[in-house]
Amino acid sequence: MNSENNWLSNLRSRFDFQIKKFDHFVARLPVPRKLRKISLTSSKMKFEIPKFGFITNELTNLNFSDNIFHTWTGPITNVNNMTVLDLSSKFCSNVSKIFFSEDFINLRYLLLQNNLLGLILPMDVDGEIFQNLQNVVHINLSKNKISNIPNMLFKKQEHLEKLDLSENIIDDINFKISHMKKLMFLNLRKNRISMLSKYAINGLDSIAKMNTNLTVDLSGNNLVCNCDSLSFVKWIIDTPTYLHNREEYECKTSQNTISFLRNPSEFYETIQKECMSYEGLITGVATGILMFIFILCGGIVYRYRWKLRYFYYMVKVKWHDPEPKSVNKDERLYMYDAFVSYANEDHTFVHKTLLHKLEKKRWGSIVLA
């Protein structure tokens, strides 16, 4: 027992020594054969976690919390018996895709809270960081400044029972969860969620149909209760999912007032009435505008109907003139040189005076009508 205590007290110096001595740390650390738990919490260690492994061991619990391991490169090997890994409060902002090796096959609890993983996790679109943690049942990623989680980040976590994403800056569940049939608690407390999308709602409902113990915590979010979130409020009423502390949920209405969601059914009825009145108003206004436009256009057409008709015929003549444009108009042959149209009361003047003077002056042949 005394030798194990001495080993534990000297472990920090071993890490520091080998980090400084080698550019690429590939050592295998010796541990007492019967040792099950290592706790180096708050040991003031500050460096990158390089590639390393343990010699033959029975380690089940490794606690390196509250140190400054800013980069996790790895991989860490020979940890086949490990069930609990605590790397919380380390200011880590970079995790390699090979850090969690295949030797973490039996890991059950992964505690990564209070880091800066929101800077690296959104880039793992293929879900490679956690792909070897297939038997983990509890993942804690709270307080990591996570704004977005890729759809496939937890693609291999089919046995996950508890996922803690509280106190981040997430605005929706846009990652796949429908395959987590054993999920019992999803902690989304104190994020930036205003409402859940249809994708998130369908994913939760698919789990709730098989797992009646599913609980979701949405407290501390900026929930919105208006026409845009009507389906979300309806889901809160009908979902079989248990909403933890639902009576404490605060919801912002269309009047910018904050109310508790203690009776979501009343909220839904109120919002539905508001949305219906808005629908009628919008429909009426749109119909009135269209009618005004049609009447205005009709009045303009009627007012300028003769000018429009004249313009129509001018265009028609221009584009459908049967005479070739190259023909000289003066060279055309006509039967008469002039055509005179007159009223009956002008008969005497036309025949006695006009026709006589025109023919006398040799204007040519004239047809009268």
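In helix α2, the residues Ala200, Ile201, Gly203, Leu204, Asp205, Ile207 and Ala208 are buried, and the cover over them includes the strands β12 (185–187) and β13 (215–217) together with the helix α3. This is a predicted model, and every value that follows is computed from its atoms.

Of the 369 residues in the protein, 38% are buried, and the exposed surface comes to about 22300 Å², with carbon and sulfur atoms supplying 55% of it. Among the contacts with a sequence separation of 6 or more, 62% are between residues 24 or more positions apart.

In general, strands of a sheet pair through backbone hydrogen bonds, either parallel or antiparallel.

Strand β9, residues 109–111, and strand β10, residues 138–140, pair in the parallel sense over 3 bridges, and leucine 111 has asparagine 140 of β10 as its bridge partner. Asparagine 140 counts as buried because its relative accessibility is 9%, a value that falls under the 20% limit for burial. Its side chain makes a polar contact of 2.8 Å with the side chain of serine 142. Leaving aside neighbours within four places in sequence, asparagine 140 is in contact with Leu110, Leu111, Leu112, Gln113 and Asp164.

The nonpolar interior can be approached next. In soluble globular proteins, nonpolar side chains tend to be buried together. Here the largest nonpolar core has 77 residues, of which Phe100, Leu110, Phe130, Leu141, Phe154 and Leu196 touch the most other members. The elements that give two or more residues to this core are β3 (52–54), α2 (198–208), β14 (223–225), α3 (230–238) and α4 (264–303). Phenylalanine 130, not counting residues up to four places away in sequence, touches Phe100, Leu110, Leu112, Leu121, Leu141, Leu153, Phe154 and Gln157.

The glutamine in that list of neighbours deserves a separate look. Glutamine 157 lies in the loop between β10 and β11 (162–164), and with a relative accessibility of 1% it counts as buried. Glutamine 157 and phenylalanine 130 are 27 residues apart in sequence, while their C-alpha atoms are 8.2 Å apart in space. Beyond residues up to four places away in sequence, glutamine 157 touches Phe130, Leu133, Gln134, Val136, Ile139, His179 and Met180. A polar atom of its side chain lies 2.9 Å from the backbone oxygen of leucine 133.

A search of the whole structure finds 1 disulfide, formed by cysteine 225 and cysteine 251, whose sulfur atoms are 1.7 Å apart. Since cysteine 225 lies in strand β14 and cysteine 251 in strand β16 (residues 250–253), the pair ties together parts that are 26 residues apart in sequence. The torsion about the S-S bond of cysteine 225 and cysteine 251 is about 105 degrees, so the disulfide is right-handed. Both cysteine 225 and cysteine 251 are buried. Cysteine 92, at 0% relative accessibility, also counts as buried, whereas cysteine 297 has a relative accessibility of 42% and therefore counts as partly exposed.

Notes: Residues numbered from 1 in each chain as written. Predicted model: local features only at pLDDT ≥ 70, side-chain atom pairs only at ≥ 80, totals over all residues. Heavy atoms only, no water. Core = buried A, V, L, I, M, F, W, Y, C linked by side-chain atoms within 4.5 Å. Buried < 20%, exposed > 50% of the residue type's maximum accessible area, 1.4 Å probe, protein only. Helix = DSSP H or I, 4+ residues; strand = E, 2+ residues; numbered from the N terminus. Contact = heavy atoms within 4.5 Å. Pairing = 2+ DSSP bridges. Areas by Shrake-Rupley, 256 points an atom, 1.4 Å probe, with all protein chains shown as cover. Polar contact = N/O pair within 3.5 Å; in protein donor to acceptor, adjacent residues only side chain to side chain. Disulfide = S-S within 2.5 Å.
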